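These are my notebook entries on one structure, set down in the order in which I looked things up.

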Amino acid sequence: MEHLQTQGISLPRLGLGTFRMQGDICRAAVESALGLGYRHLDTAEMYGNEDAVGAAIATSGIPRKELHITTKVWHENLAPDAIRRAFDGSLNRLRLDHVDLYLVHWPSRNMNLPAIFETLLKLKQEGRTRAIGVANFNLALLKTAVEEIKAPIACNQVEYHVMLDQTKVAKYLAAKSIPLVAYAPLAQGRVASDETLISIGRKHGASAAQVALKWLLDQDSVAAIPKTSRAESQRANLDALKLKLDDEDRKAIAALPKDKRFVNPGFAPGWD
Ligand SMILES: NC(=O)c1ccc[n+]([C@@H]2O[C@H](COP(=O)([O-])OP(=O)(O)OC[C@H]3O[C@@H](n4cnc5c(N)ncnc54)[C@H](OP(=O)(O)O)[C@@H]3O)[C@@H](O)[C@H]2O)c1
């Protein structure tokens, strides 16, 4: 598995998303993914599944340093003392003494960005998160974080898939050598029924979902975190890395309408 190097951490380019999985289903899905070779797990306090993710990690027996664990602080907890409480809760539920990446999950209208990053950086200095980052930051917020505050963010996690244009944000991140972590990389499963992707997949003996994932992972500095509870889809998503798309495929995917956003980062004024 290829990794992206960012702010001192090594991020596996394909990870397992865990949104909308909880309890035993989540635990079993994470155990299965770890068994198949996944080493990057994406969770959040808001998902209500850090305990299940932590239980799966604990029983896996995989050395901690081989795993990359991302979790996130919810937008209601962005005051400095609230971040600390949220972070302690996340670590306890995950049964870990540190995470690899701690993200601001959503921007909020009244957030104090300098104070937020100061708090996150303290957690980093204390060795309790190896890196910090953001999610759902539009170009304006990214510029504030990177150029004004000079926060050492290791990624921006945003919705990105074959049906949504993210050129502006992706170009900015690439120019600053900051990875883009694509969430909802399968457009929440919708790519599976897209005729263009199905026909490209047929040509290569692959599925539409595999085509959609490889299109993302062929882009420099992009990682992806598809969610699936099913072992066969977890394996298929790993196997997508072996697929070789050609120019004709890329042209057909480029021509798909790219105006479909399925998650609304409503707290970020002027998202574009
Ligand atoms: N930072 C944020 O604000 C934010 C927002 C949204 C999501 N995320 C993160 O990103 C992760 C991924 O996003 P998502 O879960 O919304 O959507 P997604 O990964 O694009 O799609 C998940 C859906 O695709 C299906 N699927 C997965 N692999 C497949 C395959 N090989 N073939 C066919 N169908 C397949 C899954 O079905 P089954 O489960 O039935 O297999 C599930 O219904 C989340 O789990 C979460 O960790 C972050």
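**Entry 1: salt bridges**

I began with charged side chains and found lysine 72 and aspartate 42 joined in a salt bridge, with 2.6 Å from N to O. I then placed the two partners: lysine 72 belongs to strand S5 (residues 68-73) and aspartate 42 to strand S4 (residues 40-42), so this pair ties together parts that are 30 residues apart in sequence. I note that the model is a predicted one.

Are the two partners buried or exposed? Lysine 72 counts as buried because its relative accessibility is 0%. Aspartate 42 also counts as buried, with a relative accessibility of 2%.

Glutamate 126 sits in the loop between helix H4 (113-125) and strand S7 (129-135), while arginine 84 is part of helix H3 (residues 80-94), so the pair ties together parts that are 42 residues apart in sequence.

Glutamate 126 is partly exposed, at a relative accessible area of 42%. Arginine 84 is partly exposed too, at 25%.

Glutamate 126 has another partner: its side chain forms a salt bridge with that of arginine 128, at 3.6 Å from N to O. For arginine 128 I recorded a relative accessible area of 21%, which means that this residue is partly exposed, since the limit for a buried residue is under 20%. Which residues make up the network of salt bridges here? I listed Arg84, Asp88, Glu126 and Arg128 as its linked members.

I turned next to strand S7. Six of its seven residues are buried, so S7 is largely enclosed by the rest of the structure.

With which strands does S7 pair? I found parallel pairing with strand S6 (residues 99-104), over five bridges. In this pairing, tyrosine 102 stands opposite isoleucine 132 of S7. S7 also pairs with strand S8 (residues 153-159), again in the parallel sense, over three bridges. There I noted alanine 135, whose bridge partner in S8 is glutamine 157.

I then traced the connections. S6, H4 and S7 form a right-handed β-α-β unit. A right-handed β-α-β unit is likewise made by S7, helix H5 (residues 139-148) and S8.

**Entry 2: the loop between S7 and H5**

I looked up two residues of this loop. Asparagine 136 has its place in the loop between S7 and H5. Its relative accessible area is 2%, so asparagine 136 is buried.

What does the side chain of asparagine 136 reach? I found the backbone oxygen of histidine 105 at 2.8 Å from this side chain. The side chain of asparagine 136 also makes a polar contact with the side chain of tyrosine 183, at 2.6 Å.

Phenylalanine 137 is likewise found in the loop between S7 and H5. Phenylalanine 137 counts as buried because its relative accessibility is 0%. I checked its separation from proline 107, which is 30 residues apart from phenylalanine 137 along the chain, and the C-alpha atoms of the two are separated by 6.7 Å.

**Entry 3: the ligand**

How many residues surround the ligand? I counted 26, and the closest are Asp42, Asn136, Leu186, Thr228 and Asn237. Two of these names, aspartate 42 and asparagine 136, had come up in the entries above.

An N or O atom in the side chain of aspartate 42 is 2.7 Å from an oxygen atom of the ligand. This is the aspartate that also forms the salt bridge with lysine 72. For glutamine 157, an N or O atom of the side chain is 2.9 Å from a nitrogen atom of the ligand. Glutamine 157 is the residue I had noted in S8 as the bridge partner of alanine 135. Asparagine 237 has a polar side-chain atom that lies 2.8 Å from a nitrogen atom of the ligand.

My last check concerned cover. On its own the ligand has 920 Å² of accessible area, and the protein covers 87% of it.

Note on methods. Residues numbered from 1 in each chain as written. Predicted model: local features only at pLDDT ≥ 70, side-chain atom pairs only at ≥ 80, totals over all residues. Heavy atoms only, no water. Salt bridge = Lys/Arg side-chain N within 4 Å of Asp/Glu carboxyl O. Helix = DSSP H or I, 4+ residues; strand = E, 2+ residues; numbered from the N terminus. Buried < 20%, exposed > 50% of the residue type's maximum accessible area, 1.4 Å probe, protein only. Pairing = 2+ DSSP bridges. Right-handed = clockwise from strand over helix to strand, strands pointing away. Near = heavy atom within 4 Å. Polar contact = N/O pair within 3.5 Å; in protein donor to acceptor, adjacent residues only side chain to side chain. Areas by Shrake-Rupley, 256 points an atom, 1.4 Å probe, with all protein chains shown as cover.
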